[in-house]
Amino acid sequence: MSPPPPNYEFQEWWNKEREKVYGLLASPPDDPSITSSSSADAAWAAVEVRTPTTPVAAGKSRGRSPRQLSWLLLLRLHHSAALLASLPVRLLALLLTAARRISSAPVSSSPDSRLYRAIRAFLVLAVLLLLVELLAYFKGWHFSPPSYASSAEALERLYANWLHIRAQYLAPPVQAMANVCIVLFLIQSVDRVVLMLGCIYIRLRGLKPGAAVEYNDGDVEGGRAVENYPMVLVQIPMCNEREVYQQSIAAVCILDWPKERMLIQVLDDSDDMDVQLLIKAEVQKWQQKGVRILYRHRLIRTGYKAGNLNSAMSCDYAKDYEFVAIFDADFQPTPDFLKKTIPHFKGNDDLALVQARWAFVNKDENLLTRLQNINLSFHFEVEQQVNGCFINFFGFNGTAGVWRIKALEESGGWLERTTVEDMDIAVRAHLCGWKFIFLNDVKCLCELPESYEAYKKQQHRWHSGPMQLFRLCFIDILHSKVSLLKKANLIFLFFLLRKLILPFYSFTLFCIILPLTMFLPEAQLPAWVVCYVPGIMSLVNILPAPRSFPFIVPYLLFENTMSVTKFNAMISGLFKFGSSYEWIVTKKLGRSSEADLVSFAKKDPDPQAEGRGLHRASSESGLSELNKLETTKKHGKIKRNRLYRKELALAFILLTASARSLLSAQGIHFYFLLFQGVTFLVVGLDLIGEQVS
């Protein structure tokens, strides 16, 4: 029997993979730059093994032989071993980073907040209670609790007295508060499930808003008059947007809309003179290319973004326009954005807003951006799509939307009374009877905050502003002429359940009551409250982003960690504390770079693009301006990672409570408190997100 012919395809594949693996697992002696950690990272990145397509194998579909599968298994074992070998190095590097950050952390000169002082007092109490329980444990009192009558020594009588006070006076109010939070938790969970069912119904039925007209390429050349295109005002509000001003202006300037029917306003509120000059030069460059674009800078910068937009709408020429499209500085609409959104206004005279969905260029940048993507995917695809489809209302996102200017004027225009001017105008327009449409299939590129500091400040504004607005517009909602059902939706669902109750129970239940029940075991939280319901809710929240399933546990823990920021913001906005009116522009890094626009221009199939000269122009940013931008970047303020005291204090509270639960052998509670405490510790040390120091 003749031997089988040699398998050149397998030999070629194996040689390549062996070079990969051995190049990763064993560094050459003369190359000390390759560390075990980097080797393990590269090895893990090479886990996906694909058989290359060779000329011999082209057109064939053949499975691997047992020998090939054995070698493949061996290869993957090499990869896994490399990863395991790198774990101690990674852990040591993490501990060294944490120690270095603690030793070099700047001392904060700001006064302690009320919430931090309360958390710090709770931490002291938790440590004292743990010491008491440790003493009782070593005395054997956990197994046979002493009674006050039979106690002989003073210490035993003192502990028996503590047990009596704990059972009669402390545990009942804690249990009552726990029951209230559990009910709120279940109500909010039902709301989430109903929203998800609505989203599934929309998908199964294929429901989507329809447009009465369509604007196609070549309409003008084909006979459609330019006058059939509505007049559109495009606004780009920005403030010290050094990293993203070029790409945002370029993306708007290449919008596919008749140039005589569109005017672009760059609303620059920058207080940095260098940034002002750069933005002004960028605007002038596009003006020279024939784009109708204006640069506006306010001398009196009051009212933040609302004041900026209100000032722009007060221009005399704004009265000539029917619609206004708003894009924040880090947003890059596709060229057909207006052609996909404006047609929905035709025949819908009561339509005020068409909102597009956000898409993120850096959602896979780090763990923080991945977790943000989960949250925002649920917000857009579930909350906004369902509310837009069934009740024609949702909160305006402040960007990537088109407004009917008449609706803005009738609703009172942009007001400077809150830090959520977008939600403010949306609520007032809804009370005036206007309708909204959400387009889930129209996406606008933007950037997620990559550092925890930027994300924390953004979330503080997003959760304090709604409480400011609710306090200001509650009476207006009651006196409005909308139906009772719409009033109930605004008050109970939009504001109370999703903006107040959610951060309240999340922080109170998992950061306060759960640790307390460890020291007051007479008050209990069932295991299904601690584990099963949160797990199911995390699964529901992650469904719109199915690729994020591996991060379901970090998502659950991180959301509980963020509850302290959201709770603090909610209380600040509700009771008018000083930090509630703080507005800090979210820091951007310019991830959607100029190269993206260049590649987009090269891929543009529109034969008219070169004739218009706009797509290519987006990549001609000017060498001198780019050099100046890079120079000013280098001399900017040095960024540092920070320590977050509230998160660190809560981390030690939860870890102390987990030690107490270990004494009582409470399995689910112990693991939850342990992992949640470690998560608070990681966030408090600023080890999540961008690392700059």
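Modeller: Happy to! Leaving aside neighbours within four places in sequence, Ile 249 is in contact (heavy atoms within 4.5 Å) with Ile 236, Met 238, Val 266, Ile 279, Glu 282, Val 283, Trp 286 and Ile 293. Ile 249 is also among the residues with the most contacts inside the largest nonpolar core, along with Leu 338, Trp 403 and Val 427. That core has 90 residues; a nonpolar core is a set of buried Ala, Val, Leu, Ile, Met, Phe, Trp, Tyr and Cys residues joined through side-chain atoms within 4.5 Å. A second, separate core of 61 residues includes Val 174, Ala 178, Leu 516 and Phe 672.

Please keep in mind that this is a predicted model, where local features need pLDDT of at least 70 and side-chain atom pairs count only at pLDDT 80 or more, while totals for chains, interfaces and linings use all residues. Residues are numbered from 1 along each chain as its sequence is written, and side-chain values use heavy atoms, with hydrogens and water left out.

Now for the whole protein. Of its 693 residues, 51% count as buried, that is, under 20% relative accessible area, with exposed over 50% and partly exposed in between (1.4 Å probe, protein chains only). Among the contacts with a separation of 6 or more, 80% come from residues 24 or more positions apart. The protein has 21 helices and seven strands, taken as DSSP runs numbered from the N terminus (helices H or I, at least four residues; strands E, at least two).
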